[in-house]
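Q: I'm new to this one and would like to learn how to read it. Could you walk me through a few features?

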Amino acid sequence: MGLTASNQLDFGRQFVDSVAAQGCDPIVASLIAFLEKSDNGSQLRTQVKLCRPALKADIAHFMNVCFGRHPGVIDFAGQKIVEQDAREWLVQAIDAFALERVFLNRLTVEAGPIHRQVGQDRVNSLIENQGRSMEMLATSDRNGCPAGAAMAFALDWQRSRPLLDYVALRLGIEAPACLLPDREATADLARKLAGSAAIQRAMTFGRDQMLAQQRGLWQVIAARHHALLSE
C-alpha cells in the first residue's frame with residue numbers, strides 16, 4: 001500500500017536529518033581540531049609531532065582501502081536501484097565519486113606509509129571487513145536497502161570532506177570540489193523512493209547500518225591516533 005505525499009515528504013526530511021545526527025561529525029571535528037592546533041603550534045612535544053604525519057597517513061590510507069577502488073558503494077547500489085526517479089541522482093553520484101577516488105589515491109601517495117602500531121594486522125583485517133560490510137549493504141536484494149545505504153554514504157562522505165580537504169592542504173594538494181548530490185537532492189530522492197512502509201524500513205536499515213560502518217572506520221582511525229598520542 002502506498003504512502004501519502006505528506007508522509008513521503010516527511011520521510012525525505014527525516015532521512016537526511018538522521019544522517020546528520022548519526023554520522024561522522026563528532027569524530028571528524030575532533031581530528032580536525034587536533035591537526036589545526038598541532039599544525040599551528042610553535043612548541044610541541046615530540047609525540048605530538050610524530051602523531052601529525054601518522055594521523056594524516058592513516059586517514060588517507062584507510063579511507064583509500066575502503067573507498068579508493070572501483071566499483072564502490074554507489075556503483076554497487078546503482079546496479080540494484082532500478083527506479084527511474086533515481087537515475088539523475090545516481091549518474092551524478094557515480095561520476096562525482098570517480099573524482100573522489102582520484103583524490104583519495106593522490107592523498108595516499110603524498111601522505112606516505114602508515115605508522116605501524118601494535119595490533120596492525122588486526123586493524124587491517126577490521127578495515128577490510130568493514131569495507132565488505134558496506135558492499136553487502138549496497139548489493140542487498142532487499143528493495144530500498146541499497147538506496148538507503150548509498151544516500152547515507154554520499155551525505156556522510158560530504159561531512160567528512162573538510163578533514164580530507166585539510167589533510168590535502170597540509171600535504172600541498174589542491175582538493176577538488178566535491179560534486180556529490182547535496183542534502184536537498186538526496187532528501188528529494190528519499191521522498192520519491194519511499195513508496196511503501198516496507199521500502200521505508202529497508203531504506204532506514206540501509207542508512208543506519210552504513211552510518212554504523214562509517215563511524216566504525218573513523219573510530220578505528222581515532223583510536224589509533226589516541227593510542228599513539230598517549231605513548
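Q: Where is the place of E231?

A: First, a word on the source: this is a predicted model, where local features need pLDDT of at least 70, side-chain atom pairs count only at pLDDT 80 or more, and totals for chains, interfaces and linings use all residues. Residues are numbered from 1 along each chain as its sequence is written, and side-chain values use heavy atoms, with hydrogens and water left out. Now, helices are DSSP runs (H or I, at least four residues), numbered from the N terminus. E231 sits in the segment after α9 (197-229).

Q: Is E231 buried or exposed?

A: Buried means under 20% relative accessible area, exposed means over 50%, and partly exposed is in between (1.4 Å probe, protein chains only). E231 has 62% relative accessibility, so it counts as exposed.

Q: How do I describe two packed helices, and at what angle do α7 and α8 pack?

A: Two packed helices are described by the angle between their axes and the distance between the axes. Axes are lines fitted to C-alpha atoms, for helices over the stretch in contact, and angles run from 0 to 180 degrees between N-to-C directions. Here α7 (residues 145-170) and α8 (residues 183-193) pack at about 170°, with axes 10 Å apart. That makes α7 roughly antiparallel to α8 (under 35 degrees is roughly parallel, over 145 roughly antiparallel, 65 to 115 roughly perpendicular, the rest oblique).

Q: Which residues in α7 and α8 meet?

A: Contact means heavy atoms within 4.5 Å. From α7, A147, M151 and L155 meet R183, T186, L189, A190 and L193 of α8.

Q: How many aromatic pairs are there?

A: Rings of Phe, Tyr and Trp (its six-membered ring) pair if their centres lie within 6.5 Å; planes under 30 degrees apart are stacked, over 60 edge-to-face, and the rest tilted. By this rule, the count is six. Take F11 and F15: their ring centres are 6.0 Å apart and their planes at 55°, so this pair is tilted. Both lie in α1 (residues 5-22), four residues apart, about one turn of the helix. F11 is buried at 6% relative accessible area, and F15 is buried too, at 0%. Elsewhere, ring pairs link F67, F97, F153 and W157 into a cluster.

Q: Which charged end sits over the ring of F15?

A: A charge counts as over a ring if NZ of Lys or CZ of Arg is within 6 Å of the ring centre and within 35 degrees of the ring normal. For F15, that's R207, 5.2 Å from the ring's centre.
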